[in-house]
Amino acid sequence: MAKLIDGKAVSARIKEEVRQETAAFMEKYGIQPSLAVVIVGNDPASRVYVNNKKKACELMGFKSIEYALPEDTTQEELIALVKKMNVDPAINGILVQLPVPKHINDMAIIKSINPKKDVDAFHPENVGRIMVGEYKFLPCTPAGAIELLDSTGVDVAGKNCVVIGRSNIVGKPMAMLLLHRNGTVTICHSRTKDLTAITREADILVAAVGKPNFVTGDMVKEGAVVIDVGINRLENGKLCGDVNFAEVEPKASFITPVPGGVGPMTIAMLMRNTLTAAKIQNGIKD
Ligand code: NDP
C-alpha cells in the first residue's frame, strides 16, 4: 500500500509561509505584492481557476486585479493591455489565463509579458533560464509536483525518472527539474514505442497525459513514487487523474491522489512566484 502524498496539506503549508513572508515584507518595505489576472471569454473552467487565484491572493494579503475581457477581444487589444501592465509599477505579476480563444495566438501573448512579471514562467526567457538552472520563477504545476516529491523525503539523484507528456507547461519543465536534481530522466509522448517497458523501469513516474486512468497497474514498478498531474473531468462530473489509482496505489510506495494532489499545489506556487516577483521588481534579495 502506498503512502498518500497530501497536496492539500503541503499547499496549505506553503501558502502559510508565503502569507507570513508577505506580512513581514509589507511591514518592512511598505509594498503590497499584486497579481493581475486576465481572462478572455466565458470558459467556465477558466472562471473557476481565476476565482480561486483571486481568493488565494486575498488570503496572502496580495492585491488582486482582474481584467475580464469579452470573447471577441483581438490579439492586438490583449497585447496592448499586457504592455500597459508590463510598465505599471503597481502590478508585480501578470497572468493571462489559458486557454485564450482560438483567434488569439497564446505564444504571442506569452512573449509579450515582461519576463520579470511572468509568474507562470512560460515566457521563453524564463524557460531558457530553467534550462541553464538560473531561474527566479518555475512554472507552477511542475514546481508544485517537485515540492510534493520533496515532501516524501525521496532523493531524486540517480533514480530512473519517467515523465509521460512533453507539453511546454508541464512535461518538459518537469523533466528538466528532475534532471536538475540528478535524476536519470526519460520523457515519453504519443510517439513513444513500448511505453509500458519504459514506465516499468521508473523509480519516479510522473503522468501528465490528460487521459483518465491512462497509467495502469502493469505499467508501474513495485515501490515506485507516482505523481499524477492529470486533472480529467469524467461524464459523471467527478475528477480523476491520469493514473488508475485503484490499480497503481497497491504497487506504489508514494502516490498523489486526484483531487488533492498536484492540483492544490499550482496556486500555492503561483502565490510564491508573485511574492518573488514583487521582491525582484523592488530590488529586494531576501
Ligand atoms: P497536453 O495535452 O498539452 O500534453 C499531453 C501530453 O501527453 C503530450 O505530450 C502527448 O504527447 C502526451 N500523450 C498523449 N497521449 C499519449 C499516449 N498515448 N502515450 C504517451 N503520451 C501521450 O497536456 P498538459 O501537459 O497541458 O496537461 C497534462 C495533464 O495535466 C492534463 O490532465 C491537465 O488537465 C493536467 N494539468 C494539471 C494542472 C494542475 O494544476 N494540476 C495544470 C496543468 C495541466 P504528444 O506531445 O506526442 O502529443
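**View 1. What kinds of residues make up the shell around the ligand?** In this predicted model, the shell splits into nine nonpolar, ten polar and three charged residues. Here Ala, Val, Leu, Ile, Met, Phe, Trp, Tyr, Cys and Pro count as nonpolar, Asp, Glu, Lys and Arg as charged, and the others, Gly among them, as polar. The ligand has 22 residues around it, and Arg 166, Ser 167, His 189, Ser 190 and Thr 266 come nearest (near: a heavy atom within 4 Å of the molecule).

View 2. Look for Ser 167: one of its polar side-chain atoms sits 2.5 Å from a ligand oxygen. Lys 211 brings a side-chain N or O atom to 3.1 Å from a ligand nitrogen. With Ile 231, a polar backbone atom is 3.1 Å from a ligand oxygen. On its own the ligand has 920 Å² of accessible area, and the protein covers 71% of that (Shrake-Rupley method, 1.4 Å probe).

**View 3. Helix H1 packs against helix H6.** H1 (residues 7-29) and H6 (residues 140-152) have axes 10 Å apart, at an angle of about 105°. So H1 is roughly perpendicular to H6 (65 to 115 degrees counts as that). On the H1 side, Gly 7, Val 10, Arg 13 and Ile 14 meet Glu 147, Leu 148 and Ser 151 of H6 (contact: heavy atoms within 4.5 Å). These contact residues divide into three nonpolar, two polar and two charged.

**Notes.** Numbering starts from 1 along each chain as its sequence is written, and side-chain values use heavy atoms, leaving out hydrogens and water. Because the model is predicted, local features need pLDDT of at least 70 and side-chain atom pairs 80 or more, while totals for chains, interfaces and linings use all residues.

Note on methods: Polar contact = N/O pair within 3.5 Å; in protein donor to acceptor, adjacent residues only side chain to side chain. Axes fitted to C-alpha atoms, helices over the stretch in contact; angles between N-to-C directions. Helix = DSSP H or I, 4+ residues; strand = E, 2+ residues; numbered from the N terminus. Parallel < 35°, antiparallel > 145°, perpendicular 65-115°, else oblique.
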